[in-house]
Amino acid sequence: MEARHTPIKWAQRKAQVFITLELNNLIENSCTIQTTPEGGIHFKGTNKDTGSEVTVDLELFEKIVPAECKWKVTGRSVQLSLAKENKEVEYWPRLLKQTGKLPWIAIDWSKWVDEEDENSKAKPDFDYDYNNMPDYDEGEDSDEESEEEEAPADLGDLDGEKGDIPTGAMPAEEAGEEKKTE
């Protein structure tokens, strides 16, 4: 039987690594985390529902500063903020020293910032005024019909008799033509 791994999400900045251990319903005061300067992390906690003990051992890609590391337990996860020892090196190419694709480890895109974007002062413009967007240019390619066609001036009684509604399907070649009734 293959060992079951705790799903992990991670992201990083130049000086920090963020790790989320996706563990539900832990007894908060049962959780302990031990970190080592070499990048070792040992987590242990107890599940509220089953009473079973959960452990996670990680050997990170590079060294960290245990005194500057923080963590918190939520109802759905354990979140860690780890301080990198060398804050001036490039981003880590992976979370762990172990090489190869590990299916239980994924990028946390909600926290990820690209290395070249981290130093830029520019922030995304979330206050963009969409009312001031340029008008659609009729000369550009478009699949929409032109506005020259107008709806009939008299739509008649919308609660008309049953005979007013066509019952058959219209052939595709006639879909664009205007139908005249007698």
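I started with T20. Leaving aside neighbours within four places in sequence, I find T20 in contact (heavy atoms within 4.5 Å) with P7, I8, K9, S77, V78, Q79, D108 and K111. I am working on a predicted model, where local features need pLDDT of at least 70, side-chain atom pairs count only at pLDDT 80 or more, and totals for chains, interfaces and linings use all residues. Residues are numbered from 1 along each chain as its sequence is written, and side-chain values use heavy atoms, with hydrogens and water left out.

I placed T20 in strand β2, residues 16-21. Strands (E, at least two residues) and helices (H or I, at least four) are DSSP runs numbered from the N terminus. Is T20 buried or exposed? T20 has a relative accessible area of 8% and is buried; the cut-offs are under 20% for buried, over 50% for exposed and partly exposed in between, with a 1.4 Å probe and protein chains only. I also noted a polar contact at 3.4 Å between the side chains of T20 and K111. Such a contact is a pair of N or O atoms within 3.5 Å; within protein, one must be able to donate a hydrogen and the other to accept it, and residues adjacent in sequence count only if both are side-chain atoms.

Next I looked up the sheet. It is open, has five strands in the order β6-β7-β2-β1-β8, and its pairing is mixed; two strands pair if DSSP finds at least two bridges between them. I list β6 and β8 as the edge strands, each pairing on one side only. β6 and β7 run antiparallel and are joined by four bridges. K70 stands opposite S81 in β7.

Then I turned to the rings. Rings of Phe, Tyr and Trp (its six-membered ring) pair if their centres lie within 6.5 Å; planes under 30 degrees apart are stacked, over 60 edge-to-face, the rest tilted. I count four aromatic pairs by this rule. One of them is F61 with W92, tilted, at 6.3 Å centre to centre and 50° between the planes. F61 is in the loop between β5 (53-59) and β6 (70-73), and W92 is in the loop between β7 (78-83) and β8 (105-107), 31 residues apart. W92 is buried at 5% relative accessibility.

Y91 and W112 are edge-to-face, 6.1 Å centre to centre with 80° between the planes. Y91 lies in the loop between β7 and β8 and W112 in the loop between β8 and α1 (115-118), so this pair ties together parts 21 residues apart in sequence. I record Y91 as buried at 12%. W10, Y91, W109 and W112 form one aromatic cluster.
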